Amino acid sequence: MSKIKLGILGGGEDSLIGVLHRVASSMFDKYEVVGGVFDPTYDKSLNFGKKLGLDPDRLYRDLDHLVEEENKRAEEDRIQVISVLTPNFLHFPMAKKLVENNFHVICEKPLTTTYEEAKVLVDLQAEKGKIFGVTYTYTGYPMVRQMKQMIADGVIGKIQKVDVQYYQGWINPIIHDKEKRSSTWRLDPGKSGISCCIGDIGTHAFNMVEYVTGQQVDQILADLNYLYEDNPMDIDGTVLLRFSGKAKGVLRASQIATGEENNFTVQIYGEKGGLKWQQENPNYLYLMVDGKPLQVLKPGHVYNSDFSLEGTKLPPGHPEGIFDSMGNIYLGIANAINGEKKFDGAYPLLQEGARGMKFIEKTVASHKEGNVWIKLDD
């Protein structure tokens with residue numbers, strides 16, 4: 001089977017996320033990057049694309065130019081799927097135009113800047129029937145997928161308590177300087193949407209909770225921190241969670257946790273045991289059972305599920321990381337494009353991205369209405 005032709009919007013020379021996506025797409029030999037628009041400045045985009053060894057004829061001025069020219073090509077030569085790696089405010093218009101023109105889409109999160117925009121994409125995808133993945137990157141880790149499978153198999157019993165934490169400190173040096181906090185795009189509602197912390201990393205935590213538990217959050221109560229009156233965007237927050245059953249939980253997210261790097265920790269407690277996973281040490285899944293020694297599960301071993309093992313590329317003892325996690329999401333999307341779906345949860349769906357937007361808006365509303373309980377699905 002020939003490789004899937006991949007185009008990229010954004011993710012240029014100075015972009016960390018661009019490197020992550022390009023490497024991830026290459027891991028299973030499913031894709032070939034053939035062109036795109038890597039930078040809003042055409043000369044920069046052209047020079048960078050040439051460094052990647054791409055055909056200059058497929059390094060386009062902008063999205064409109066890309067769509068126009070690709071639609072002139074024979075179907076077997078046309079870009080099939082496009083990754084949207086731009087700032088948040090561009091996700092919706094770009095993804096909408098791509099689906100309208102029958103491209104599959106891989107989109108960074110948050111999916112859009114509003115839930116209304118997300119619903120437009122959901123309806124459009126249903127009409128066009130295109131594959132649309134949202135890169136909640138951490139769902140691709142083998143031991144996260146092992147956690148998901150163990151919970152589904154009843155290893156820890158009925159879920160009682162959920163505790164998810166995502167702590168970073170990168171905004172701390174910025175937020176205390178008025179000029180810096182006024183010029184950072186992530187703190188600009190016009191570019192980032194209505195939320196910074198919850199929209200950026202809190203949505204990862206929310207998606208992860210529903211992904212591994214297989215349950216949906218029913219109600220939330222949020223308390224957000226803006227720190228300065230002239231700062232319109234949350235940079236820290238705590239959200240209480242009520243699930244549709246009896247389980248309850250807490251989601252804690254911060255970008256002013258001084259000294260923290262990327263401390264994403266997921267803890268799920270059931271009636272028979274608990275599971276714990278930490279992103280900064282992602283190859284270890286801890287199983288806790290009353291009266292028994294702590295068990296440490298690692299990737300690549302035969303005791304893991306088929307779903308976990310599919311995304312394990314190296315023998316036991318060889319650490320895998322975030323590039324591998326994103327690679328597993330790209331694999332899931334490739335399999336879907338090729339009609340080879342194997343596992344539920346192989347990549348985050350557009351509907352999950354839309355639900356993440358609903359969570360962001362409801363969280364901000366809960367805080368602004370006086371820290372009150374709000375149902376996610378009205």
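# Briefing on a predicted protein chain

Of the 378 residues of the protein chain, 55% count as buried, where buried means under 20% relative accessible area, exposed means over 50% and partly exposed lies in between (1.4 Å probe, protein chains only). This is a predicted model, in which local features need pLDDT of at least 70 and side-chain atom pairs count only at pLDDT 80 or more, while totals for chains, interfaces and linings use all residues. Residues are numbered from 1 along each chain as its sequence is written, and side-chain values use heavy atoms, with hydrogens and water left out.

**Overall form**

- The protein chain has 13 helices and 14 strands; helices (H or I, at least four residues) and strands (E, at least two) are DSSP runs, numbered from the N terminus.
- The radius of gyration of the protein chain is 21 Å, which agrees with the value near 21 Å for a compact globule of 378 residues. This radius is taken over C-alpha atoms, and the globule rule is 2.2 Å times the number of residues to the power 0.38.
- The C-alpha trace spans about 65 × 55 × 40 Å along its principal axes.
- Contact means heavy atoms within 4.5 Å. Among contacts between residues at least 6 apart in sequence, 70% join residues at least 24 apart.
- The accessible surface of the protein chain is about 16200 Å², and 49% of this surface belongs to carbon and sulfur atoms. Accessible areas come from the Shrake-Rupley method with a 1.4 Å probe; for residues, only the protein chains shown count as cover.

**Charges and salt bridges**

- There are 43 positive and 51 negative side chains in the protein chain, and the centres of the two sets lie 3 Å apart. Lys and Arg count as positive and Asp and Glu as negative, while His and the chain ends are not counted. The place of a charge is taken as NZ of Lys, CZ of Arg, CG of Asp or CD of Glu.
- Side chains of opposite charge can pair when their charged atoms come close.
- The whole structure holds 21 salt bridges, a salt bridge being a side-chain nitrogen of Lys or Arg within 4 Å of a carboxyl oxygen of Asp or Glu.
- E100 and K96 form a salt bridge, with their closest N and O atoms 2.6 Å apart. The two residues are separated by about one helical turn, because they are 4 residues apart in helix α4 (residues 88–100). E100 is partly exposed at 34% relative accessibility, and K96 is partly exposed at 27%.
- D163 and R252 meet in a salt bridge of 2.7 Å, N to O. This pair links distant parts of the chain, with D163 in strand β6 (residues 159–167) and R252 in strand β9 (residues 248–254), 89 residues apart. D163 counts as buried at 15% relative accessibility, whereas R252 is partly exposed at 22%.
- K313 and D324 also meet in a salt bridge, at 4.0 Å, N to O. K313 lies in the loop between α11 (306–310) and α12 (322–337), and D324 lies in helix α12, 11 residues apart from K313. K313 is partly exposed, with a relative accessible area of 28%, while D324 is buried at 14%.
- A network of salt bridges links R58, E70, R73 and D77.

**Helix α6 and Q146**

- Helix α6 (residues 142–152) is mostly covered, with 8 of its 11 residues buried. Among them are M143, V144, M147 and I151.
- Q146 is found in helix α6 and counts as buried at 4% relative accessibility.
- Not counting residues up to four places away in sequence, Q146 touches L285, L297, Y303, N304, S305 and S308.
- Q146 and E229 are 83 residues apart in sequence and 43 Å apart in space, C-alpha to C-alpha.

**Loop residues**

- T86 is in the loop between β3 (81–85) and α4, and T86 is buried, with a relative accessible area of 11%. Leaving aside neighbours within four places in sequence, T86 is in contact with L9, G10, H91 and M94.
- The peptide bond from K109 to P110 is cis, with omega near -5°. P110 lies in the loop between β4 (104–107) and α5 (115–128).
- N102 is not a glycine, yet has a positive phi of about 70°. N102 sits in the loop between α4 and β4 and is partly exposed at 34% relative accessibility.
- N371, a residue other than glycine, has a positive phi near 60°. N371 is in the loop between α13 (350–368) and β14 (374–375) and is partly exposed, with a relative accessible area of 32%.
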